[in-house]
Amino acid sequence: MAGTIIYLEGITVSFNGFKAINGLSLYVDYDELRFLIGPNGAGKTTLLDVICGRVKPAKGRVIFKEDIDIYEKQEHEIVRLGISRKFQTPAVFASLTVFENIELSLRQNRGVFASLFAKFTSEDEDIIYSHLETIGLDQKARVKAGSLAHGEKQWLEIGMLLAQDPELLLLDEPVAGMTKKETEKTGELFQAIAKSRSVLVVEHDMEFVRNFAKRVTVMNEGNILCEGTMERIQNDPKVIEAYLGRGWK
Amino acid sequence: MARISALKANFRVKWLIGLAAIVLLLFAPLFLSEFRLSLLGKFLAFAILALGIDLMWGYTGMLSLGHGVFFGLGAYCTAMYLKLEAAAGGLPDFMSWSGLTKLPWFWKPFQYGWFALGMAIILPAALAAVLGYLTFRSRIRGVYFTILTQALALVFVILFIGQQPYTGGTNGLTNYKTIFGYYLTSSSVQTTLYLITILFLVLTYLFCRRLMGSRFGRILVAVRDSEDRVRFSGYDPALLKVFVFTLSAGIAGLAGILFVTQVGIISPAMMGIVPSIEMVIWVAVGGRGTLTGAIIGAVLVNAAKSNFSELFPDAWSYFLGMLFILAVLLFPDGIMGLFNKLPRRFGQFSLNGNIAKMWKSIQKK
């Protein structure tokens with residue numbers, strides 16, 4: 001599918017006068033794997049917060065698909081629209097099993113009474129196991145999520161996002177704390193996901209970005225510095241200054 | 001396979017133990033004095049209350065230090081009816097003493113028993129729903145929520161003491177005669193009330209069990225683990241929490257009904273901050289997050305309290321405080337946690353495994 005899945009226009013977010021994001025505009029296409037990089041404090045995480053409804057911008061608009069204004073929606077409603085968010089530190093349900101973690105994430109009627117009388121079908125089980133296979137945790141289905149290794153927790157959370165069957169995934173440093181091999185696998189997983197969904201990844205691991213990014217957006221001081229292929233970005237003098245300038249001057 | 005059958009046996013043994021406990025409780029009226037029986041009835045009413053607190057605290061992770069209020073409201077609603085029945089169409093005694101000449105309008109409907117009993121559950125539930133909605137909507141949680149519930153307890157105690165003509169003040173409501181025409185002092189009525197309490201305890205337990213076994217129950221645990229993740233999985237944690245808080249308050253109201261009919265008095269001293277904290281200690285000692293633990297904790301702590309305070313009336317509160325500190329420091333999972341952990345620590349056997357083995361050998365014979 002072609003076209004734009006999410007439009008951010010003139011977004012400004014300020015925390016007590018400090019402008020974390022300053023008049024930023026960004027467009028992400030359907031089925032695109034987009035990377036968002038930038039030095040610390042550039043506003044990357046805040047940008048994800050704006051899209052998933054955690055932070056309401058002081059100015060600007062966020063439009064999902066053609067005409068859904070995110071501003072009026074609460075976080076859980078935004079999730080139901082098809083936007084899923086992964087956090088920087090993996091957030092999983094530690095005292096539930098891996099299987100149950102995925103079960104609760106399934107796209108289903110998520111009202112209070114619906115979950116009181118929810119029936120568990122063998123179809124649900126099949127779907128859950130297929131997600132578990134995707135993230136390589138099918139052997140650990142009955143293990144408590146709290147006892148997983150850090151990298152496995154990251155994967156579990158990604159699996160939970162997939163179970164939500166979203167159209168747009170927002171991933172905040174998904175490979176942090178992963179081994180090189182795990183990182184490699186995760187990158188391949190993202191490329192597979194992006195065949196039918198849009199993925200927006202904030203990442204610090206430059207090697208990871210270099211290996212898997214087609215299009216990269218660089219942020220600095222609350223705005224977009226430049227956008228393009230990794231190659232173009234690496235040679236952009238503005239980017240070099242933003243990354244190296246502060247430390248060297 | 002062997003493991004699964006052991007688990008199954010273990011499961012059956014647990015039900016058997018539960019069943020045996022119920023049978024024992026049912027026959028208690030035959031060998032307990034009236035005084036001890038009413039004490040036991042009180043403990044069982046507290047066990048119902050503990051189940052409600054466990055839903056909120058043990059499973060969902062919301063600590064309320066104001067559950068005395070919901071319990072008290074249930075008890076007061078019931079007591080209003082009992083008082084009006086005792087007054088037999090006249091004015092309740094404390095109102096005449098306070099100089100009232102007419103029954104206040106809000107007392108009038110409480111002359112109907114079913115209305116009073118209905119309100120005893122609806123009123124605390126409604127209060128929790130409103131308070132919960134306002135609190136959780138504005139994302140107030142954790143210790144801030146706890147402080148709010150504590151303030152609630154304080155406010156209600158002050159209100160009930162201050163409005164003596166309408167509430168009986170510090171003395172509370174006591175001196176009842178009959179319930180639906182039956183004399184409360186008769187031992188057959190007391191035994192019936194005791195048996196009704198057992199029935200409601202079992203029903204509440206089964207209800208909570210069913211609830212926690214559903215997807216809803218798992219979502220509650222998920223809220224405790226990571227509220228943000230629940231929100232970003234498309235659920236509205238505020239609504240979930242309001243629902244649990246309301247349910248828990250309703251259960252506390254039910255406990256209040258069963259308490260006041262057997263104990264014969266309700267006063268502000270039983271709904272304030274101290275009793276509210278005690279209620280939480282029952283669950284902590286029994287083992288939060290396990291329904292059986294909540295029941296065991298409520299009964300054991302209260303049994304200890306009544307025995308200990310008969311011997312050393314002044315020392316009880318120190319003992320209780322120590323118990324709480326011990327529970328937090330040494331056995332954070334309470335008695336239920338000890339059951340599951342201690343045997344493993346002191347040798348290579350587990351209680352559950354042993355029960356399973358016993359069951360197997362019984363089956364063979």
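A salt bridge is a side-chain nitrogen of Lys or Arg within 4 Å of a carboxyl oxygen of Asp or Glu. With that in hand, welcome to this predicted model, where a search over all chains finds 28 salt bridges. One of them pairs the side chains of Asp124(A) and Arg215(B), at 3.8 Å from N to O.

**Across the two chains**
- Asp124(A) sits in helix α5 (residues 122–134) of chain A and Arg215(B) in helix α9 (residues 215–225) of chain B, so this pair joins two chains.
- Both Asp124(A) and Arg215(B) are buried.

**Within chain A**
- Arg85(A) and Asp172(A) form a salt bridge, with their closest N and O atoms 3.5 Å apart.
- This pair links distant parts of the chain, 87 residues apart: Arg85(A) is in strand β6 and Asp172(A) in strand β7.
- Arg85(A) and Asp172(A) are both buried, and both belong to a salt-bridge network that also includes Arg141(B) and Glu227(B).

**Within chain B**
- Arg137(B) meets Asp236(B) in a salt bridge of 2.7 Å, N to O.
- The two are 99 residues apart, with Arg137(B) in helix α5 (residues 113–137) and Asp236(B) in the loop between α10 and α11.
- Arg137(B) has 30% relative accessibility and so counts as partly exposed, whereas Asp236(B), at 10%, counts as buried.

**Chain B as a whole**
- Chain B has 16 helices and four strands.
- Its radius of gyration is 22 Å, close to the 21 Å that the globule rule gives for 365 residues, so chain B is as compact as a globular protein of that length.
- Buried residues make up 49% of chain B.
- Chain B carries 30 positive and 12 negative side chains, and the centres of these two sets are 13 Å apart.

How values were computed. Residues are numbered from 1 along each chain as its sequence is written. Chains are lettered from A and ligands numbered from 1 in the order in which they are written. This is a predicted model: local features need pLDDT of at least 70, side-chain atom pairs count only at pLDDT 80 or more; totals for chains, interfaces and linings use all residues. Side-chain values use heavy atoms; hydrogens and water are left out. The radius of gyration is taken over C-alpha atoms; the globule rule is 2.2 Å times the number of residues to the power 0.38. Buried means under 20% relative accessible area, exposed over 50%, partly exposed in between (1.4 Å probe, protein chains only). Lys and Arg count as positive and Asp and Glu as negative; His and the chain ends are not counted. The place of a charge is taken as NZ of Lys, CZ of Arg, CG of Asp or CD of Glu.
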